[in-house]
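Good morning, and thank you for making time for this item.

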Amino acid sequence: MNAWLTTILLLVPFGGALLVAIAPLPGYWLGSLATLTSLIEVGFWITSAGRFHFGNPSLQLSQQASWFKDLHVSYHVGQYAFSVWLVGMTVVVMAACTIYGWWVGRTRPRLYFSLMLLLTAAIVGVFTAQDLLLFYAFFEAMLIPLYVLIGVWGGAGRMRATLTFVVYTVVGSLLMLAAVVAYGLHEHTFDLTQLPQRSSTWLFLGFVIAFAIKAPLFPFHGWLPDAYREAPAEVSAILSGVVSKAGLYGLLRIAIPKFPTVANDWRVVLLVLASISLVYGSLLAFRAPDFRGVVMYSSLAQSGLIVLGLFAFNDLGFDGAVLQMVNHALISSSLFLLAGMVERRTSTGELRLLGGMARGRPLLATVIMTTGIIALAVPLSSSFAGEFLILAGVFQQHWAWAVVGATGIVLAAMYMLRAISAVLHEEVGSAVPDSALDLRLGELAVVVPLVLCLVGLSAWPNLVSGHAKPPAPGWTAYAPLVSNKATK
Amino acid sequence: MIQKPHVDWFALSPSLSLLGAAGLLLMVAVFVPRRWRGGTAAFVGFAGFVTAFVFAVVLDAKTPHVVELIHDSMFRDRWSAFAQVLIAGSGAVAVLFSVGERWSEEHVAEYYALLTAAGAGMAFFVQAANLMTLFLGLEWFSIGLYVLTAIDIDLIGSLEAGLKYLVVGAVGSATLLFGSALVYGRTGQLSFDRIAAAGHAHDPMFLVGLAMVIAGLGFKSSAAPFHMWTPDAYQGAPTPVTSFMASATKIAALVVAYRVLTVTFPHDQHLWRLTIAGLACASLAWGNIAALVQRNVKRILAYSSVSHAGFMLIAVAAANQLGARALQYYLIPYAALSLGAFAVVAARERELGVPVTLENLAGFGWERPFLGVAMWTFMLGFLGFPLTGGFIGKFYVFAAAYDHGFWWLIVVGVVATMVSAYYYLGIVRAMYFRESADLQLAPSGGSPPREFLLSVGVTICLVVAVGSFFAVQPLIDVAKAAARSLPL
């Protein structure tokens, strides 16, 4: 049973997608079928987390079957401690977004819900694949549902948005394909657990650029504004919440442990890019004219912060990065969903037309306030814990990076408070009708679980950061490099 | 008394069964009353292709070693048997697509007779073991295809396409013939292996002959710069004919090219490897760039077939066991994808009564969900996305190129794939992102025809395209066995 759990996590949404695609049911029932599937998926994740031995750093719940032998490619899935958390955040966020899509009654439900479930399967696949080609296949497979979800259900500028999104992602992933082919064939295996370390700069860059586009990191974020603004709210939530984590996970799982010496050589470049993303993203978020703009540029900033943690090359930074990935997935997906809820009431997200929504809408105000406060990393919140670990980790590299990180946290407070007050407080905005309702039960059912997860993590951040240990051989390989530097 | 050579009739069974079907169809054209003629003819044609398919499968299973037949003029081996399986399969599916086409009742049986005769020619062509049978096979199926292209004289552009194809194709055949004459003139040998044994590898006349043979085969596989006939012929021909041409002709031409080059010209490998690599680059560049600006879907697919010729030529240029395997594997999903894509175009064409452009595909995905999803899968397959065999095919081709050290061909292939994303996804976009009501498209009358057989054919293509992604190992085993027939 244990060996099958990861495969089940892949098969449930995949099977659900096929079922939704062919089930002869009316639209409303398709939505409930998809919701049920996504909740079953959460249930299976809880089971798998329960059976996972967090004390054991090796690959668990794994299953392997040969796919094609002559090139040594296999179907190999499994989870490490950190993958458990990333899969968990994926299934939770995907369930919330699927339910939201059901609640708002998306048109053309058959395609919509099967794509949502397919996307769930692809993302879970990215986090659990232990074969390089399989990883690549899932990584590519994420693009297809996203392309159509944005293109069909997106806003007026969706054509342009999908085009930029696809151009960026395809360029990135094909660079990665070339790297995958060269790496795997050279080593005569595609098994991530067996691939030896390499010191090829070209391969490293092929992977890193693909991941930096997905994350996104500073010079590769051109697709972000269009895609996040034009996509339906729940798809933006998925994009910034979980899809971006696929890029960061790639850095964590492939780029750093498989190319430790090159990663060390390029450390400063990546740290600089991460710092720029953090500060520049925060400034853009501060200047953004709309609610979604704030959230999406804050995602850019947070990606930068997480990369800082990853390239700190120590356990503190690593734990912080994993914790912050989970935090940010929950925060940013709830904020995007909340932005969607606000937009449904006012038919705009422009901050200058919004305002005063707290009056008479206590639930909306409470939920936005709580999420916002956690997002700006107020002490005792889970994101405070994550950011603190990252800063502490990167401080060991050089104090300057920690200063940049701390600046980012200050800026986060500025942009988040600005957005909160522009939506909830100040004068009642011209686009806010008096009749605009408070959060309905269905909306609460979507957002409150996410916020509760955040509150729970705030109470016990060590649940993730203390149980995300990297397995000894692959990941600590860069630790000696750092200590060598220290002794010089 | 003329001494008769021993003839292994079983080895010729795929060609002979198709030839028999063609003869029978000519009888049908005369003896069966008009009312039943179309159905009977389609049935006989289908039965002919299926018989050939079965014979080819048995032939493949029962031919462990390469045998030369009839004074070394034909091969009996797995390399050709596998290609015959694919050709006969493509033909059978093309018959399914042809049934719904509006043929004039008078010529319907002749149409199927020509289709089976062309199929017989291809089955003969892939077995060719000397320059005579090579040319004979080439002309045999080409003449069938010239007439098939122009058969629907009511269709605008059909005659023109047929004429263009005839003129350019004749140049191609003449080039091949002249090249063969030079090779024969230099070596005094006709059969492939004796030419190699004669050893005139560095003789100028011999090399000019080699170049002309490559050019002649390049015309048939529509590799740039010998592709000029492709867009016009593909566009002008009745769509079921196009689907057959796109899949079966390419299979025959590339399989034969691989054999002729490796068996006949092994000593000039260093020369033709680079030539073929150059042709591959030219096809990839030209096919993809020209496809970007097309609006007519058949033309887009025609240029896409040029670019796929480029991909498969990469495998030919690699000229190793892995490359031969890659070519045979690639042809499986490729044949299914081209057949299926043109079938969907045919369905839209019959519905609207006008040539299908990107504009009038609008809303197609919503109106006919099954064909929409199928077309979507085919486009992603051409693009080389996961969940279709196109992904594995591309991967194998790159692996073959890497194996030989042609890493720059991988780069070209990757860049070409990036470019091709624009037009393949453009078709998905045309089908889903816009409503037909936006463009005020009116079907040519009533609800769309049901076209049961076409849907069956598309289903077969879909199953092959997706199935070849999952069942890689068995297919690769077959392709591997086929590749062993070549002296690599």
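This is a predicted model: local features need pLDDT of at least 70, side-chain atom pairs count only at pLDDT 80 or more; totals for chains, interfaces and linings use all residues.

How many bridges join strand 1 of chain A to strand 2 of chain A? There are six, and the two strands, of which strand 1 covers residues 60-68, run antiparallel.

Within the pairing, Q64(A) has H76(A) of strand 2 as its bridge partner. Four residues lie between the strands of the hairpin, and H72(A) adopts a positive phi near 60 degrees there. Strand 2 of chain A spans residues 73-79, and five of its seven residues are buried, so the strand is largely enclosed by the rest of the structure. In strand 1 of chain A we find L61(A). Its phi is near 50 degrees, which is a positive value in a residue other than glycine. L61(A) has 25 C-beta neighbours inside 10 Å and therefore counts as buried.

A positive phi also occurs at F313(A), where the value is near 60 degrees, again in a residue other than glycine. F313(A) sits in the loop between helix 13 (291-310) and helix 14 of chain A. Is F313(A) buried or exposed? It counts as buried, because it has 26 C-beta neighbours inside 10 Å.

I now turn to helix packing in chain A. Helix 4 (residues 109-128) and helix 5 (residues 132-141) of chain A have axes that come within 8 Å and cross at roughly 150 degrees. That angle makes helix 4 of chain A roughly antiparallel to helix 5 of chain A. Their crossing is left-handed. On the side of helix 4 of chain A, the contact uses A122(A), G125(A) and V126(A), while helix 5 of chain A contributes F135(A), F138(A), F139(A) and A141(A). By class, that contact has six nonpolar residues, one polar residue and no charged residues.

Helix 4 of chain A is also the place of L119(A). This leucine counts as buried, because 28 C-beta neighbours lie inside 10 Å. Leaving aside residues up to four places away in sequence, L119(A) touches M142(A), P145(A), L146(A) and I238(A). The C-alpha atoms of L119(A) and P145(A) are 6.0 Å apart, although the two residues are separated by 26 residues along the chain.

The crossing of helix 10 and helix 14 of chain A is right-handed. Among the residues that meet there are S240(A) and L248(A) of helix 10 and F336(A) and G340(A) of helix 14 of chain A. The residues of this contact divide into nine nonpolar, six polar and three charged.

Two peptide bonds also deserve mention. The bond from A215(A) to P216(A) is cis, with omega near -15 degrees, and P216(A) lies in the loop between helix 8 (201-214) and helix 9 (224-230) of chain A. In chain B, the bond from A224(B) to P225(B) is cis, with omega near 0 degrees. P225(B) belongs to the loop between helix 8 (204-220) and helix 9 (229-236) of chain B.

Finally, I come to the two chains together. In all, 24 residues of chain B are in contact with 25 residues of chain A. Helix 17 of chain B gives the most to the side of chain B that touches chain A, with 10 residues. By class, that side of chain B has 20 nonpolar, two polar and two charged residues.

Note on methods
Residues are numbered from 1 along each chain as its sequence is written. Chains are lettered from A and ligands numbered from 1 in the order in which they are written. Two residues are in contact if their C-beta atoms, placed from the backbone, lie within 7 Å. Ala, Val, Leu, Ile, Met, Phe, Trp, Tyr, Cys and Pro count as nonpolar, Asp, Glu, Lys and Arg as charged, and the others, Gly among them, as polar. A residue is buried if 20 or more other C-beta atoms lie within 10 Å of its own, exposed if 12 or fewer, and partly exposed in between; C-beta atoms are placed from the backbone. Two strands pair if DSSP finds at least two bridges between them. Axes are lines fitted to C-alpha atoms, for helices over the stretch in contact, and angles run from 0 to 180 degrees between N-to-C directions. Angles under 35 degrees count as roughly parallel, over 145 as roughly antiparallel, 65 to 115 as roughly perpendicular and the rest as oblique. A crossing is left-handed if the near helix is turned anticlockwise from the far one by less than a right angle, and right-handed if clockwise.
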